[in-house]
Amino acid sequence: KRRSADCVAVFVESAGREPTLVGLSDAVEMRWDIARTNWPNDYLWCGWSATFPRATVPAGAKLSFWAVDADEPRLYRLEGKQLPQ
């Protein structure tokens, strides 16, 4: 839709188990690096942050991040670098 996500959902994914929601973004942040390349500033406020307990991520599990479109509702997987554990 050419707009920022309504929020971001964080899931833990482990082999043999269903993905588990562990966090939702609860704050937005300015992303000047994105806004500069996508003028006008439609994406200035496209950064996000989420906090959740480290204990919710078992050893060997991976985190996945999903943009939430609350209008449809629908999730879109965000691709990017794997975060260090």
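Residues are numbered from 1 along each chain as its sequence is written, and side-chain values use heavy atoms, with hydrogens and water left out. Because the model is predicted, local features need pLDDT of at least 70 and side-chain atom pairs count only at pLDDT 80 or more, whereas totals for chains, interfaces and linings use all residues.

Four strands form an open sheet in the order β2-β1-β5-β6, with antiparallel pairing; strands here are DSSP runs of E with at least two residues, numbered from the N terminus, and two strands pair if DSSP finds at least two bridges between them. The strands β2 (20–24) and β6 stand at the edges, and each has a single partner strand, so one side of each is left without a neighbour in the sheet. From one strand to the next the twist averages 35°, where axes are lines fitted to C-alpha atoms and angles run from 0 to 180 degrees between N-to-C directions.

Within this sheet, β1 and β5 run antiparallel and are joined by seven bridges, and glutamate 13 stands opposite lysine 62 in β5. Five bridges join β5 to β6, which also run antiparallel, and the partner of phenylalanine 65 in β6 is leucine 78. The strands β5 and β6 form a hairpin with four residues between them. Proline 73 lies in the loop between β5 (62–69) and β6 (74–78), and a cis peptide bond with an omega of about -25° joins glutamate 72 to this proline.

The structure holds two aromatic pairs; rings of Phe, Tyr and Trp (for Trp, its six-membered ring) pair if their centres lie within 6.5 Å, and planes under 30 degrees apart count as stacked, over 60 as edge-to-face and the rest as tilted. Phenylalanine 11 and tryptophan 66 form an edge-to-face pair, at 6.4 Å centre to centre and with 75° between the planes. This pair links distant parts of the chain, since phenylalanine 11 is in strand β1 (residues 7–13) and tryptophan 66 is in strand β5, 55 residues apart. Phenylalanine 11 counts as buried at 16% relative accessibility, while tryptophan 66 is partly exposed at 21%; buried means under 20% relative accessible area, exposed over 50%, and partly exposed in between, with a 1.4 Å probe and protein chains only.

The rings of tryptophan 48 and phenylalanine 65 have their centres 5.6 Å apart and their planes at 45°, so this pair is tilted. Tryptophan 48 in strand β4 (residues 47–49) and phenylalanine 65 in strand β5 are 17 residues apart, and the pair links distant parts of the chain. Tryptophan 48 is partly exposed, with a relative accessible area of 30%, whereas phenylalanine 65 is buried, with 16%. The C-alpha atom of tryptophan 48 is separated by 7.5 Å from that of aspartate 26, 22 residues apart along the chain. Aspartate 26 has its place in the loop between β2 and β3 and counts as exposed at 59% relative accessibility.

Valine 28 is in strand β3 (residues 27–29) and counts as exposed at 52% relative accessibility.
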